[in-house]
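Please open the model in a viewer and keep the selection panel at hand. The stops below are given in the order in which they may be selected.

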Amino acid sequence: MRRVAEPRENQSALWAGPRRDVLDLDDFTKAEIEEVMANADGMKEVLGRGVRKTPALRGKTVVTVFFEASTRTRVSFEQAGKILGADVINVTASASSVTKGESLLNTVRTLQAMQIDALVMRHPHSGAPYFVARHLDTPVINAGDGTHAHPTQALLDIYTIERLRGKLAGKRVAIIGDILYSRVARSDMIGFRKMGAEVVVCGPPTLLPPGFVPGSSIPEGTPYEGVRVVGRVEEAVDGADVVMVLRIQRERQDAGHLPSLREYSREYGINSATLGLARPDALLMHPGPMNEGVEISSDVAHGSQSVIEEQVANGVAVRMALLYMLCARARNGGS
Amino acid sequence: MPEIEIMTADQLRRALNRIAHEILERNAGDRAVALVGIQTRGVYLARRIAEAVTEFEKRPVDVGSLDPRLYRDDLDQAARHPVKPTEIKFDINDRPVVLIDDVLYTGRTIRAAMDALNDFGRPSSIQLAVVVDRGHRELPIRPDYVGKNVPTARDERVRVRLREVDGEDGVVLSKVGEGDATRS
């Protein structure tokens, strides 16, 4: 009588679903997110090597098209692709034929005609990557679309938290700042809830999305189901395992959403006093770029609880994992 | 499909002990030999061989693990399972390194593993130890240490089972249905 355990290698890969694009986290399962993170572990080890180069995506071409300013996300994708051996071509909208009036669709169709293997795209209009993905066969990765989504940021946030503090399930994450215009907040809320975290958001009433009423929870049937909204930053941070601080854009003041940055800082800014209300081992995170002295004070931004630089390093590993998985599947015809 | 047992737990244990002795015999005069197991089962095999070497020689031996997935020539297949971190926390320059894997088949995994190893340094030699050599090589690669040579057909499958992963030790041969032929 022999007990035969089925080898794990034979189990079908979780990534065997129909995924071609990464547009937001709302269509990811928890298992898929976990598979991205498992791959990111392997990629992170490559980042620590003396020779930071592998031939995994040799002969593949990754194009990044940024219709909006970005340094860290674009460089992060570029580095991720190059370490995996892909050729990475960066297109910035200001230096392309977009300035000559070419439509978005024609621009990306031209790029696809050049036989590219993945398109990484940032666009100021929410939904633009969905429009492009509908018209192209090439895998599309959303590197930020308007105020809608920033899925790779959310994945690297999940990865950073889980690898430093273990499973997100049951953990309490406070997201502080401009929830209305933040694509990071939206993707983070979806991702953190999928992983089972308790999510509390807080920001000025003028910078909360419709339906986000302080003192209430977001009802069932929306992607933000179960997210709690509170009015005071002290209440949001109290007992938190993670404090995620969002960037306050100066334009919000001009648009009348904020009386002044100084007032924002006084009411909602994260400093040693407010961070002190979180758990003693709480992680302080920020998607960058920071406005030190506005939404976050310099001492905590560079203090012992800050994992902001860790987020940047993990971003490369997570994006390597995504490029690797999407390029492999594209060539496979999706089987 | 019925499985044929081709090595019992005892036979596997003896084979690993013999391989440990052979590795020591062949590398006696060299700088300390290092062992690197190939994911997944090679990692556990390397640890077991390292334990045997430590027991015979009364000295520790460097043992690491390697995932050659990022160096393979079949990206679509390789990416079906997550890439695991490679752990080689010792200098591999100018010393013999023995790669350890469960089954030697086409040789393509070993080719990828040698490429990966090169990114960590330049060993004085790279040797190969496997539990089963099942033939059907597609590259000019041969093992230096073999637990058992098993002539096979291509539609057969050889599985080395280890208690760390599979709950029990042993090697079995089975037929696979069409479309189920995985390389191992």
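Begin with the largest nonpolar core, which has 92 residues; select Ile175(A), Phe192(A), Phe212(A) and Tyr324(A), the members that touch the most others. A nonpolar core here is a set of buried Ala, Val, Leu, Ile, Met, Phe, Trp, Tyr and Cys residues joined through side-chain atoms within 4.5 Å. Buried means under 20% relative accessible area, exposed over 50%, and partly exposed in between (1.4 Å probe, protein chains only). Next, colour helix α12 (residues 308–331) of chain A, which gives the most to this core, with 12 residues. Domain 1 (17–150 + 314–331) and domain 2 (151–311) of chain A both contribute residues, so the core lies between them; the domain bounds come from an automatic or database domain assignment.

This is a predicted model, in which local features need pLDDT of at least 70 and side-chain atom pairs count only at pLDDT 80 or more, whereas totals for chains, interfaces and linings use all residues. Residues are numbered from 1 along each chain as its sequence is written, chains are lettered from A and ligands numbered from 1 in the order in which they are written, and side-chain values use heavy atoms, with hydrogens and water left out.

Remain in helix α12 of chain A and select Ala317(A). Ala317(A) is buried, with a relative accessible area of 0%. Which residues is Ala317(A) in contact with, leaving aside its neighbours within four places in sequence? They are Ala40(A), Met43(A), Lys44(A) and Leu47(A), where contact means heavy atoms within 4.5 Å. Ala317(A) and Lys44(A) are 273 residues apart in sequence, yet 5.1 Å apart in space, C-alpha to C-alpha.

Turn now to chain B. Select strand β2 (residues 34–38) and strand β3 (residues 63–66) of chain B, which run parallel and are joined by 4 bridges. Strands pair if DSSP finds at least two bridges between them; helices (H or I, at least four residues) and strands (E, at least two) are DSSP runs, numbered from the N terminus. Between β2(B) and β3(B) the chain passes through helix α2 (residues 41–57) of chain B in a right-handed β-α-β crossover: with the strands pointing away from the viewer, the path from the first strand over the helix to the second runs clockwise.

Within helix α2 of chain B, select Arg41(B). Arg41(B) is buried, with a relative accessible area of 7%, and its side chain reaches the backbone oxygen of Val160(B) at 3.2 Å.

Finish at Arg69(B), in the loop between β3 and α3 (75–78) of chain B. Arg69(B) is buried, at 9% relative accessible area.

Notes:
A polar contact is a pair of N or O atoms within 3.5 Å; within protein, one must be able to donate a hydrogen and the other to accept it, and residues adjacent in sequence count only if both atoms are side-chain atoms.
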